[in-house]
Structure formats: structure tokens, C-alpha cells
Amino acid sequence: MKLREKWNHLINTLLPTYRSKVGAVLLLGTMAGLGCYLIYMSRVWSYLGDDPATCINCHVMDSYYATWLHSSHGRDATCNDCHVPHDNIFSKYYFKATDGLRHSYVFTMRGEPQAMKAIPASQRVIYNNCVRCHDQLNTDMVKTGLLAGNQISDDSNFACWDCHREVPHGGVATLSRTPNAITPLPKSPVPEWISKLKSKN
């Protein structure tokens, strides 16, 4: 039996009537349409780059964006410089994907705390990036940065932010601590031609 005949036999076994085939096509079309809509509305493509404004696609990140923007790190570092691994491109995008999916789940389910704290995996990445960027200062001058990333997540050793609490988010950035944070609004997802039609009416 050829591959095409096997495929037809499988389809006819699973979907024996014309009505069931039409229903399956409609269901698959609806699922594909909803998937495309989700990709469009969540601006999935924006997460592939390093633009810090991407973080404020989620409104709960406004205070973190605003405090970063007005810090010393706002001049020289993007969010990804601190919050994703830089050992190779695969680990960078794997971490971005897994951390991003976790964030989207928490934010969608409204499970974000008032004051967000990095999970241990993120703490290790942030710590390693502190040491990476401030390598000469950490190793030549003050002899810090000698801990491995996994040694800071068990609270038995100090991490950089235990002393430098104001860097780069101004202490504990919370949803209520920076109520007047001014951040750029994300671009409207409504296509321009629909906006023009709406304004004519």
C-alpha cells in the first residue's frame, strides 16, 4: 500500500462521513486562526530582539522599565544584557523562551506578586552577567564575583544586589511604588486601515 493510500485509509477511518470531514476542517481552521491571532496580539516577533520596550508589552513591567530607564544601566545595558545567558545563542533563546512562557502564564492568570523577585534560575543568570560585565572590577579590585552562580540562590552567600539594591531598578520596584511611572505605550495592535475606517464613521 502506497503512502497516499495509507493516508486516505487513515482519514476515512477517523472521519468516515463527509460531515465529520467538514467539521474537522472547520475545527482546524478555527484553531489555526486563533493561534495566528494569539501570535499577532502578543507580538511574539518582538521577543526575538533586544529592545527593552518589549518588556512593557505586559503592563505589570512598567515600573521595572521606568526604574531601569532612569538608572545608570539604562544608558549602557538592555534588559537582555542582564536577564538572559550570554554563553551561546542557543542557551540565550532557550532561556528567553522558557522564562517568557512562564511570565506569560503568570501574568495571564493574574498571579504576579506586588514585588516580583527573580526565581533561582534567573538569579544565577543575573549574577553571572553582573560578573561578566564588571569582570575587572570584581576580580582585580575588590575580589568579589568569585562565587559560582548556583552558590547565591541558597541564600548562604551574598549576591551583587544584596549590597547594590538600588541598581538598576531603584530598590524594590513594585506596582504601587511607582504609580506615576511614565513609559511608552505599546503600539496598538489594530491595523491602520481599520483605524482609518473607524475614524471616518
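Q: Which residues of α7 are the buried ones?
A: Ser122, Gln123, Val125, Ile126, Tyr127, Asn129 and Val131 are the buried residues of that helix. Buried means under 20% relative accessible area, exposed means over 50%, and partly exposed is in between (1.4 Å probe, protein chains only). A heads-up: this is a predicted model, where local features need pLDDT of at least 70, side-chain atom pairs count only at pLDDT 80 or more, and totals for chains, interfaces and linings use all residues.

Q: What makes a stretch a helix here, and how many does the chain have?
A: Helices are DSSP runs of H or I with at least four residues, strands are runs of E with at least two, and both are numbered from the N terminus. By that rule the chain has ten helices and zero strands.

Q: What span is expected for helix α7?
A: The expected span is 1.5 Å times one less than the number of residues. For the 14 residues of α7 (120–133) that is 20 Å, and the helix reaches 20 Å from its first C-alpha to its last.

Q: Why does aspartate 99 count as buried?
A: Its relative accessible area is 13%, so it falls under the 20% limit.

Q: How many salt bridges does the structure hold?
A: Four. Among them is arginine 110 with glutamate 112, whose closest N and O atoms are 3.3 Å apart. Arginine 110 is exposed because its relative accessible area is 58%, whereas glutamate 112 counts as buried because its value is 14%. Another joins lysine 196 and glutamate 192 at 3.7 Å, and both of these residues are exposed.

Q: Why are lysine 196 and glutamate 192 about one helical turn apart?
A: They are four residues apart in helix α10 (residues 192–200), which means a separation of about one turn.

Q: Why is glycine 100 called partly exposed?
A: Its relative accessibility is 32%, so it sits between the two limits. Glycine 100 lies in helix α6, and its C-alpha is 8.6 Å from that of tyrosine 47, a residue 53 positions away along the chain.

Q: What makes a group of residues a nonpolar patch, and which ones form it?
A: Patch residues have over 30% relative accessible area and no salt bridge; like charges are joined within 9 Å, and nonpolar side chains (Val, Leu, Ile, Met, Phe, Trp, Tyr) within 5 Å. Here Tyr37, Ile39, Tyr40, Met41, Val44, Trp45, Leu48, Ile89, Phe90 and Tyr93 make a patch of about 1,100 Å², with areas from the Shrake-Rupley method using a 1.4 Å probe and, for residues, only the protein chains shown as cover. Helix α2 gives the most, with four residues.

Note on methods: Residues are numbered from 1 along each chain as its sequence is written. Side-chain values use heavy atoms; hydrogens and water are left out. A salt bridge is a side-chain nitrogen of Lys or Arg within 4 Å of a carboxyl oxygen of Asp or Glu.
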